[in-house]
Amino acid sequence: MKENLDLGFLDRTLRTTGIVLLIFLPFGLYYLGVFPALAVFSGGVWGILNFVFISALVRTTFRAEGPNKHRTVALMLFKFPLLYVSGYFLLKVPQFDVLPLVAGFTTLFAVMTLKALGRLVLALDDKEQPHERVPKAL
Amino acid sequence: MDYQAMLSWALPMGVGLAAVGSGLGLGRAVGSAMEAIGRQPEASGKIQTAMIIGAALIEALTIYALVVFFMMFGKIG
């Protein structure tokens, strides 16, 4: 089975999004100003954290060998009250506009779409993987 | 009915509809993923990946609806 769109794809997307946000931060501080750049960065970090928790929740709960109940409860207690309350307070920070926050939050999905599009355009999923090569019969 | 009254009626309705829609969509997605994992446990990695991406996108849409709610909330007098 090909490993391209396996769970590793999500980890690679998260890493790429973090790098994109870190690269954006100095340019945003210079060109957009302190608060818009920080708003985009905070929105992006919040989006990454949200995705990490969704991913962990799905991996812990929906698996073939049954859910890990303690871990699921711990993740839910962290994600739903704490993460959403922090998101609410991010929206309520007077210096942060809503638009940069949403733009930062959307960065993750933009990266994910571009990565998937890149795979599609370069036809990386169609290429034969090294471990899948079958020696030709003589 | 004036603009303020219409907005104060439409905003909670909009967020409610978004929540109902995302709840139905997420429920359908999880149900189908569970069926697929039950049928093919060896493909659970790929199914989980698709499910996580789908769940994140559905949740993002609800969050966008909530953000629009907070943006428009200030316009209710």
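Which residues in α2(A) meet which residues in α4(A)? In this predicted model, the α2(A) side of the contact consists of Pro36(A), Ala39(A), Val40(A), Ser42(A), Gly43(A), Gly44(A), Trp46(A), Gly47(A), Asn50(A) and Phe51(A), and these residues meet Pro100(A), Leu101(A), Gly104(A), Phe105(A), Leu108(A) and Met112(A) in α4(A).

Helix α2, which spans residues 34–61 of chain A, packs against helix α4, residues 98–121 of chain A, at an angle of about 50°, and the two axes lie 6 Å apart. Because of that angle, α2(A) is oblique to α4(A). The crossing in which α2(A) passes α4(A) is right-handed.

The two helices belong to a chain whose secondary structure comes to four helices and zero strands, so that the order of elements from the N terminus on reads α-α-α-α. Among the contacts in chain A with a separation of 6 or more, 69% are accounted for by residues 24 or more positions apart. Of the 138 residues in chain A, 36% are buried. The accessible surface of chain A comes to about 8,600 Å², and 71% of that surface belongs to carbon and sulfur atoms.

Terms used
Residues numbered from 1 in each chain as written. Chains lettered and ligands numbered in written order. Predicted model: local features only at pLDDT ≥ 70, side-chain atom pairs only at ≥ 80, totals over all residues. Heavy atoms only, no water. Axes fitted to C-alpha atoms, helices over the stretch in contact; angles between N-to-C directions. Parallel < 35°, antiparallel > 145°, perpendicular 65-115°, else oblique. Left-handed = near helix turned anticlockwise from the far one by under 90°. Contact = heavy atoms within 4.5 Å. Buried < 20%, exposed > 50% of the residue type's maximum accessible area, 1.4 Å probe, protein only. Areas by Shrake-Rupley, 256 points an atom, 1.4 Å probe, with all protein chains shown as cover.
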